[in-house]
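Q: Please take me through a structure one feature at a time. I would like the general idea before each case.

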Amino acid sequence: MNKDLEHKFVTELESNQNIVHKVCSLYTSDRDSHNDLFQEITIQLWKAYPKFRGEAKFSTWMYRVALNTAITLYRKSKRRVKTQDFNSVIYKIKTDEYDDTEERQLKLIYDAVKQLGDIDKALVFLYLEDKDYSEIAATLGITEVNARVKMNRIKNKLRTILNP
């Protein structure tokens, strides 16, 4: 591969690497697994980069490769991967005036999302990243209508989980 293509890839990867870290956090539960998945996604991005035609934004393409790699890798391993434990990423402030209502609500939502399937989890992730339905559809390889229908079903499922 030529140096220009390599330089362009590294530049794009560096400026968008948070996408990969977010996907890794969604599908792993510890630092070693996170690092392994990050490396695997980077390898898959590099392998696929010569075929990237620029029809979608680089970040959209990157989401798609990263999510597909994470889902495929963990389905192949036939083990259920726990998402990152909420308490390991939130820092509690110990003061007499501290109100942890919002924190408790976030934990409930986080625990509910953990109960979703891989694709549903990816859809919620993209939705929470403020991606519009056309970008979600392009990233997940589904139609925009399907993305909307799935999101409505997920919202209902989350309501049921949160309000039994």
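A: Start with the buried residues of helix α4, which are Glu103, Ala112 and Val113. Buried means under 20% relative accessible area, exposed over 50%, and partly exposed in between (1.4 Å probe, protein chains only). Helices (H or I, at least four residues) and strands (E, at least two) are DSSP runs, numbered from the N terminus. This is a predicted model, in which local features need pLDDT of at least 70 and side-chain atom pairs count only at pLDDT 80 or more, while totals for chains, interfaces and linings use all residues. Residues are numbered from 1 along each chain as its sequence is written, and side-chain values use heavy atoms, with hydrogens and water left out.

Q: Which helices do the buried residues of α4 pack against?
A: They pack against α5 (118-128) and α7 (144-162). α4 itself has 14 residues and reaches 20 Å from its first C-alpha to its last, close to the 20 Å expected at 1.5 Å a residue; the expected span is 1.5 Å times one less than the number of residues.

Q: How many residues of α5 are buried?
A: Eight of its eleven residues are buried, so α5 is largely enclosed by the rest of the structure. Among them are Asp118, Lys121 and Phe125. After α5 comes Asp130, with a positive phi near 65°.

Q: How many helices and strands does the chain have?
A: It has seven helices and zero strands. Of its 164 residues, 35% count as buried.

Q: Where is there a nonpolar patch on the surface?
A: Leu108, Ile109 and Leu162 form one, with about 260 Å² of accessible area together. Patches are made of residues with over 30% relative accessible area and no salt bridge; like charges are joined within 9 Å, and nonpolar side chains (Val, Leu, Ile, Met, Phe, Trp, Tyr) within 5 Å. Areas come from the Shrake-Rupley method with a 1.4 Å probe, and for residues only the protein chains shown count as cover. Ile109 belongs to α4 (residues 101-114) and counts as partly exposed because its relative accessibility is 41%.

Q: How is a pair of aromatic rings described?
A: By the distance of the centres and the angle of the planes. Rings of Phe, Tyr and Trp (its six-membered ring) pair if their centres lie within 6.5 Å; planes under 30 degrees apart count as stacked, over 60 as edge-to-face and the rest as tilted. The count here is ten aromatic pairs. Tyr49 and Phe58 are edge-to-face, because their ring centres are 6.1 Å apart and their planes lie at 70°. Both Tyr49 and Phe58 are buried.

Q: Which residues are linked in a network of salt bridges?
A: Lys57, Lys131 and Glu135 are linked in this way. Glu135 is buried, at 13% relative accessibility, whereas Lys57 is exposed, at 51%.

Key
Salt bridge = Lys/Arg side-chain N within 4 Å of Asp/Glu carboxyl O. Contact = heavy atoms within 4.5 Å.
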